[in-house]
Amino acid sequence: MGSKKGFTLAEVLITLGIIGVVAAITLPMIIAKYKDKVLVSQAKRSYSIISNAMLKAKADYNFNSYGDFFNKNNYSTAEIIEILAKELKPVKICPKGGKCWTWKTMASKKLYVNGKTTYYNLAGYPSMILADGSAIYIGVYEHNGDCYSSYNGYKTDGKGNPILDENGEKIYYTSYDYRCGSIKVDVNGEKGPNQFGADTWDISVKKDTITLEFYSVLYDDTLTYEYYPEGIE
């Protein structure tokens with residue numbers, strides 16, 4: 001009878017080691033892709049829910065445009081939240097700020113102010129929490145129904161430091177906006193990553209439409225964000 005051949009202990013250990021290395025490399029990628037897929041699905045769902053609520057409000061209240069709705073001359077932010085709440089059916093409303101949106105939010109890419117990275121702080125602003133755990137912030141811009149506004153700022157370099165002219169003075173400019181306001185939504189609430197372009201989205205409210213104009217997630221399922229810590233140079 002011939003002798004039976006099998007794997008030696010060394011061969012088994014080497015094989016297990018190779019499998020372990022491959023798993024260590026591929027599993028994080030697989031998990032990350034899955035998480036991104038979930039966030040994409042949540043983004044689309046939240047956008048659809050909010051868009052439908054806005055359309056319903058426009059029809060129910062006979063608004064000629066969203067400029068009539070998101071207009072401080074017609075409704076306070078608290079009143080706008082109450083109108084949308086009829087369709088969104090939140091489990092919690094914070095019309096004057098409070099404990100609905102309590103966490104900081106990262107920009108989609110590194111955001112600098114005076115040379116250091118910073119996060120947005122939306123805590124304390126009018127917002128609400130929906131049954132699915134998503135948080136919604138309502139922002140209304142200063143306009144007269146035409147959804148046209150302007151504001152002044154000063155030029156900065158790539159690290160958020162003011163650019164000075166030959167006299168050492170800040171260089172100011174005027175920026176224009178054609179939005180009535182914005183609806184920011186964190187699709188999974190306080191749960192991370194709490195970052196625009198990942199789980200948080202800025203929905204533009206324009207005179208005749210609602211759009212995710214700053215992102216392509218609705219068309220190519222792509223999330224665009226880079227993690228960064230706060231307060232580094």
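Biologist: What does K44 count as, buried or exposed or in between?

Modeller: K44 counts as partly exposed, because its relative accessibility is 31%. Buried means under 20% relative accessible area and exposed over 50%, with partly exposed in between (1.4 Å probe, protein chains only). This is a predicted model, in which local features need pLDDT of at least 70 and side-chain atom pairs count only at pLDDT 80 or more, while totals for chains, interfaces and linings use all residues. Residues are numbered from 1 along each chain as its sequence is written, and side-chain values use heavy atoms, without hydrogens or water.

Biologist: Which side chain does K44 meet in a salt bridge?

Modeller: That of D221, at 2.6 Å from N to O. A salt bridge here is a side-chain nitrogen of Lys or Arg within 4 Å of a carboxyl oxygen of Asp or Glu. K44 is in helix α1 and D221 in the segment after α4 (217-220), 177 residues apart. Helices (H or I, at least four residues) and strands (E, at least two) are DSSP runs, numbered from the N terminus. D221 is partly exposed too, since its relative accessibility is 44%.

Biologist: How many salt bridges in total?

Modeller: The count is 11. In one of them, E230 pairs with K104, with the closest N and O atoms 3.3 Å apart. E230 is in the segment after α4 and K104 in strand β2 (residues 104-105), so this pair ties together parts 126 residues apart in sequence.

Biologist: And D202 with K184, buried or exposed?

Modeller: Both are buried. Their salt bridge is 3.8 Å, N to O. It links strand β11, which holds D202, to strand β10 (residues 181-186), which holds K184, 18 residues apart. D177 and R179 join D202 and K184 in a network of salt bridges.

Biologist: Switching topic. What is the mean pLDDT?

Modeller: It is 89, and 91% of the residues reach 70 or more. pLDDT is the predictor's confidence in each residue, from 0 to 100. Where pLDDT is low, the predicted coordinates should not be read in detail.

Biologist: What should α3 span?

Modeller: Helix α3 (residues 77-88) has 12 residues, so at 1.5 Å a residue it should span 16 Å, and its end C-alpha atoms are 16 Å apart, which agrees. The expected span is 1.5 Å times one less than the number of residues.

Biologist: Which α3 residues are buried?

Modeller: T77, I80, I81, I83, L84, A85 and L88. After α3 comes K89, with a positive phi near 50°.
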